[in-house]
Amino acid sequence: MSFQPVKFYQTGTFTVGNRLLSPDQRSVQANMERTNSLNSGHRACQGCGEALGARYAIDAAMHATNNQLVAVNATGCLEVFSTPYPETSWQVPWIHSLFGNAAAVATGVSAALKVKRQKAEMGDVRVVAQGGDGGTTDIGFGCLSGMFERNDDVLYICYDNGGYMNTGIQRSSATPPAARTATTMPVGPEPGNPFGQGKFVPAIAMAHEIPYVATATVADLRDLEHKVRKAMTFRGARYIHILVPCPLGWGTASHDTLKMSRLAKETGLFPVFEAERGELTHSTKVRRLLPVEEYLRPQKRFAHLFGKSPAIDTIARLQAIADKNIRKYDLLDKEAN
Amino acid sequence: MLKQIEGSHAVAEAVALCRPEVICAYPISPQTHIVEGIGEMVKAGEVKNCEFINVESEFAAMSVAIGSSAAGARTYTATASQGLLFMVEAVYNASGLGLPIVMTVANRAIGAPINIWNDHSDSISQRDSGWIQLFAETNQEALDLHIQAFKLAEELSLPVMVCMDGFILTHAYERVDMPTQEQVDAFLPPYEPRQVLDPADPVSIGAMVGPEAFAEVRYLEHEKQMRALELIPKIADEFKTGFGRDSGGLVRGYRLDDAETVVVAMGSLLGTIKDTIDEMRAAGVKIGVLGVISFRPFPLAEVRAALKGAKRVVVVEKTFAVGIGGILATDIRTAMDGISILDYTVVAGLGGRPITKKSLHALFEKAVRDDLPDLTFLDLDWNIVNKQLERERQKRRSGPVAENILRDVGSSHVAQHS
């Protein structure tokens, strides 16, 4: 943790007051001049992880660019809850075009801004594109890969809640195995989403060897802010994948959004790391390793695993995924655990 | 300056003279030479302050164009056929957002069966997309329409398709008069957007609109196209003043005075029709032709005025609405509402089938005698069609249609030459 000498959990909680920190260490959200880029009054559900993630991410990007930022949005929850006509929560120049083209629209904005900069008609204005997991890992994947491959100067942020929550909780390629969705019901011999399917786009982004790839959760918002700010120090294509619990889709209590994010990380099911030009550069260690059951049990989408006769084999398969992540992304601090 | 160049290259040079800021494209025949030409000019530094982006699909091409246009850049792309269909969701989005993108459509058939040759099925399929559609008759007009298109698009904040016949125009070497940079600069001012993504004045573009306002937003798109009906002739007049030639406008008549029979068509086909008509006029037949340049907006009043003295109208179109027949013909009938004129629809030139003067001559002779069915398929080989129909009657698993027909065409070709 090169950027963060103070270990917040030393106080026993995750919410250290900013007064303990020097001004340069304080979060963007704690700054009096934060931009409230995604302003209050929007129509996200109570406990929405995506609204929280977007608020922190875009404010951090605004801070990093001295408010010289344009945001591009894919269709999805974030777009719908933030801009019910004629209202808008966005305090940044913002455009929504389609479900599957946010990365390409961002490429266009970036190209236009580059020309405006060359002509001295504008200063250095940067671009952030954002979408949910459906708009990123499924329908928008072609445009995303094209943007990566050309190394266009765009930071793409995926808010991953593991499904099409806006249309009624259907399965996406980011839905975890065994999870119940409206299109992977817990019936038949292998209830829920099948094992052996799906894709982890951060790894695919790394394969494009783009300048910067990172994952984050809304449990560690300082880490999220840091990664967005760091991403803005690079030119070219950058990708941040943020796990954002969806109380509605996951069947969790709205006050447990941060807890669920933390459990995803602490069980190893969601690896938190950074990579530059295709190589892993930093892994956020699991502080106190927990069995996956701790993460699965509170979620109604996994309730079928914990009936009268628990699906021990299925839980073991999910544990194996976590174990593999721990090995692959070097998530365990050997001295601490 | 007079030049003997390929149509695609003429368009590329004309677009370059318009000082585009972002160009994005995905290759598809017969559009390729246009974007190759501009790409080379950008790379060589001949087009200053312009980003050329090689995208991964036509859907991305139109999406990049949406982003760059919304960020205030003069934006150009080109496509054809399957490419246009692949970008359709973004095509509608660009007009819905009111972004003045200019796109060349190098008109080509739509598969299946896959076919790279010319007809108008691609752009016509987008007639309700909200884009303005202008059809060029010659390479000179294609070149000129691009210069006019940027002005029109930016004045209305609406995207424009310039449609030119694939291969017949795009790949034909013709003499064109290429304007100078000074002429184009005097005609086309820098782009001043109505809406732009600017941190100094942040706006949200592309909000969710419900039943309370959706119809109004769509109506305003229609209103813009109605304004285009006034603007297109005005811009053509300005163009004539600046460049010294007639190009563009809504419709163009040829030998319409006292014409009892009026042929209606779009694009390069008009040249062949004019030649045919000259011959028939020489033989004393009162026949003329009306070329439709602006297909969207459709100039109902101008078409009506041009046709109202005629006894019959023959619409020859390179499109086909399966299940009903003509598409341009349907619009022409709307223009003639309440006037009693016989009308004939002729579907011709699909998938690049040559439309010869000989065939047109025979067709128009029949029309003049009112000896045409309502719907004619010009030069359709009924033997081959009937053979396939018979095959399907005989055998349940009769096989793929196109391959059967190709085999029939091949064997009859062999029979003729053996």
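In this predicted model, helices H3(B) and H5(B) pack at an angle of about 15 degrees, with their axes 8 Å apart. Axes are lines fitted to C-alpha atoms, for helices over the stretch in contact, and angles run from 0 to 180 degrees between N-to-C directions. Helices (H or I, at least four residues) and strands (E, at least two) are DSSP runs, numbered from the N terminus. Residues are numbered from 1 along each chain as its sequence is written, while chains are lettered from A and ligands numbered from 1 in the order in which they are written. Because the model is predicted, local features need pLDDT of at least 70 and side-chain atom pairs count only at pLDDT 80 or more, whereas totals for chains, interfaces and linings use all residues.

**Helix pairs in chain B**

- H3(B) passes H5(B) in a left-handed crossing; a crossing is left-handed if the near helix is turned anticlockwise from the far one by less than a right angle, and right-handed if clockwise.
- On H3(B), the residues Phe59(B), Met62(B), Ser63(B), Ala65(B) and Ile66(B) meet Ala90(B), Val91(B), Asn93(B) and Ala94(B) of H5(B); residues are in contact if their C-beta atoms, placed from the backbone, lie within 7 Å.
- This contact of H3(B) with H5(B) has seven nonpolar, two polar and no charged residues. Ala, Val, Leu, Ile, Met, Phe, Trp, Tyr, Cys and Pro count as nonpolar, Asp, Glu, Lys and Arg as charged, and the others, Gly among them, as polar.
- Helix H1 (residues 7-17) and helix H7 (residues 139-156) of chain B pack at about 20 degrees, with their axes 9 Å apart, and are therefore roughly parallel to each other.
- The crossing of H1(B) and H7(B) is right-handed.
- H1(B) contributes Gly7(B), Ala10(B), Val11(B), Ala14(B), Val15(B) and Leu17(B) to the contact, and H7(B) contributes Asn139(B), Ala142(B), Leu143(B), His146(B) and Ile147(B).

**Contact between chains A and B**

- Chain B has 37 residues in contact with 39 residues of chain A.
- The elements giving two or more residues to the side of chain B that touches chain A are S3, H3 (58-70), H5 (88-96) and strand S9 (204-205) of chain B.
- H3(B) gives the most to that side of chain B, with nine residues.
- The side of chain B that touches chain A has 22 nonpolar, 10 polar and five charged residues.
- Strand S2 (residues 94-96) of chain A runs parallel to S9(B), joined by two bridges, and Trp94(A) stands opposite Ser204(B).

**Sheets of chain B**

- An open sheet of seven strands, with mixed pairing, has the order S3-S2-S4-S5-S7-S6-S13 (chain B); two strands pair if DSSP finds at least two bridges between them.
- Its edge strands are S3 (51-54) and S13 (294-296) of chain B, each pairing on one side only.
- Within this sheet, strands S2 (residues 22-25) and S4 (residues 75-79) of chain B pair in the parallel sense over two bridges, with Ile23(B) opposite Tyr76(B).
- A second open sheet, also with mixed pairing, has six strands in the order S10-S12-S11-S14-S15-S16 (chain B).
- Strands S10 (251-254) and S16 (375-377) of chain B stand at its edges, each with a single partner strand, so one side of each is left without a neighbour in the sheet.
- S10(B) and strand S12 (residues 287-292) of chain B run antiparallel and are joined by four bridges; Tyr254(B) has Val289(B) as its bridge partner.
- Helix H11 (residues 300-307) of chain B packs on the sheet, touching S10, S11 (261-265), S12 and S14 (312-317) of chain B, and its direction makes about 10 degrees with that of S10(B).

**Domains of chain B**

- Chain B is divided into domain 1 (2-243), domain 2 (251-377) and domain 3 (387-417); the bounds come from an automatic or database domain assignment.
- The C-alpha centres of domain 1 and domain 2 of chain B lie 27 Å apart.
- In chain B, 24 residues of domain 1 are in contact with 21 residues of domain 2.
- H9(B) gives the largest share of the side of domain 1 that touches domain 2 of chain B, with five residues.

Terms used
Two residues are in contact if their C-beta atoms, placed from the backbone, lie within 7 Å. Angles under 35 degrees count as roughly parallel, over 145 as roughly antiparallel, 65 to 115 as roughly perpendicular and the rest as oblique.
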